[in-house]
Amino acid sequence: MEVATASAKTFDIGQQSPLSRFVLGLADDALVLSHRLSQWCSKAPYLEEDIALSNVALDYIGRARMFYQYAAIIEDKGRNEDDLAYLRDERQYTNLLIHELPKGDFAFTMVRQFLVDVFYNMYLEQLLASTDETIAAIAAKAVKETRYHLKRSEPWITQLSQGTDESRQRILCALDELKDFTGELFEMLEWEAQLVEAGIAVDRSSLQAPWDAYVQKFLAVSEIDYQDSKLQIRGGRNGIHTEHLGQMLCEMQYLQRSYPNMNW
Amino acid sequence: MTNTTEQLTTVIPTLHPVYAQRVSVRNNADCGELWQILDAVCDPELPGLTLWDLGVLQDIQQTDNLITVVITPTYSGCPAVDAMREDAIKALNKAGYAKVAVTVVLVPAWNTDMISPAGKQQLKALHIAPPSNEGKVDCPVCHSADTQVLSEFGSTACKAMYRCNKCMEVFDYFKKL
């Protein structure tokens with residue numbers, strides 16, 4: 001019996017073309033975050049918030065589907081969007097780690113959302129100019145939704161950090177945990193840099209300074225001094241994950257794993 | 001006095017250029033009857049609001065024996081797209097067109113300016129406040145401008161939840177996008 005090893009699967013990622021890795025990475029980012037958000041369904045603090053978080057999750061599922069559909073076309077191996085989402089293992093997932101962290105408490109979910117919302121507002125805005133027409137078209141749909149998300153996550157950060165001692169403490173704890181994972185958002189890998197030169201991708205590293213400035217200024221209003229952590233945990237784009245992704249995929253992929261080729 | 005203001009705003013009908021562009025595509029199409037057949041197909045969640053009025057229906061192309069219907073989805077995760085696709089095919093099949101394909105395109109990206117004036121009226125009739133370019137949301141029941149947002153999201157991705165402070169009605173607002 002042949003057993004696939006982790007290193008063999010990691011190698012699989014390296015075998016893909018830069019464009020394939022790029023689109024798949026963006027798809028994984030969206031799907032994994034979407035799943036984390038959807039875990040609030042029926043568990044949010046109150047009904048309206050429940051609906052709102054589920055709708056944000058839906059926007060991210062839509063974004064993931066568009067990227068997966070395109071990724072399937074690019075790799076041209078006969079896999080469809082569902083195969084990519086449900087039949088790849090942890091080591092083949094290449095999402096950035098911040099998306100996969102467990103949903104935590106409500107403060108944690110909203111702080112993560114705020115941090116990535118600010119990032120995606122800047123990132124997608126630039127991705128609109130991609131020379132790849134499909135990527136630019138997906139960015140055009142996603143950027144409008146992401147602007148709306150930020151409009152909703154910002155007031156929550158303000159409200160919670162200026163609310164009770166308890167709510168402020170939870171915001172601070174969430175920031176403390178998340179700041180180790182924000183650096184990866186701005187990390188450029190070699191293959192991605194090649195795509196930047198071709199005008200397809202966005203230079204993530206150029207967004208670090210404006211992102212820092214925006215986040216610091218916003219949080220300063222609530223008298224929070226935000227500094228990036230010197231310790232940065234990374235590895236997502238190479239299939240190296242926190243312990244949490246495997247557990248999440250176990251749950252998310254359960255049906256397809258137990259009943260292969262199951263359809264609605 | 002308020003009546004005069006209301007009349008003034010309705011006296012000058014203006015077509016948004018984005019909608020006007022869609023009208024021009026429809027009017028210049030050489031398969032007008034197909035557009036009319038699809039006028040019977042509505043959004044599954046918004047009774048009476050046709051795919052045309054919603055702005056989802058972008059184009060219809062007819063070659064020898066194949067009809068291609070081009071639609072652009074509202075929100076990227078909107079699950080209604082599948083129902084719209086099936087309903088459009090069903091309507092054309094019923095009218096005697098056997099081979100129908102539906103293409104979902106991302107360009108042009110859907111936005112609320114694509115909604116027809118009739119579509120906005122239909123939204124109001126459903127007690128949903130239509131998207132506003134000026135950012136003011138009037139109560140679709142008593143028309144008061146004194147409204148407040150309850151939640152940035154409503155029953156579907158395209159809506160937000162509002163309350164009228166005058167008649168206290170809780171209503172959906174079709175978000176401007």
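Start with α5(A) and helix α7 (residues 165-178) of chain A: they pack at an angle of about 55°, with their axes 8 Å apart. Helices here are DSSP runs of H or I, at least four residues, numbered from the N terminus. Axes are lines fitted to C-alpha atoms over the stretch in contact, and angles run from 0 to 180 degrees between N-to-C directions.

This is a predicted model: local features need pLDDT of at least 70, side-chain atom pairs count only at pLDDT 80 or more, and totals for chains, interfaces and linings use all residues. Residues are numbered from 1 along each chain as its sequence is written, with chains lettered from A and ligands numbered from 1 in the order in which they are written.

So α5(A) and α7(A) are oblique to each other. Under 35 degrees is roughly parallel, over 145 roughly antiparallel, 65 to 115 roughly perpendicular, and the rest oblique.

Who touches whom? On α5(A), the contact residues include A:Phe108 and A:Arg112; on α7(A), they include A:Arg170 and A:Leu175. Contact means C-beta atoms, placed from the backbone, within 7 Å. The residues of this contact divide into eight nonpolar, one polar and two charged.

Next pair. Helix α5 spans residues 106-127 and helix α9 spans residues 208-220, both in chain A; they pack at about 135°, axes 10 Å apart. That makes α5(A) oblique to α9(A). A:Leu115, A:Val118, A:Phe119 and A:Met122 in α5(A) meet A:Pro210, A:Trp211, A:Tyr214 and A:Val215 in α9(A). That contact has eight nonpolar residues, no polar and no charged. Nonpolar means Ala, Val, Leu, Ile, Met, Phe, Trp, Tyr, Cys and Pro; charged means Asp, Glu, Lys and Arg; the others, Gly among them, are polar.

Note on methods
Helices (H or I, at least four residues) and strands (E, at least two) are DSSP runs, numbered from the N terminus. Two residues are in contact if their C-beta atoms, placed from the backbone, lie within 7 Å.
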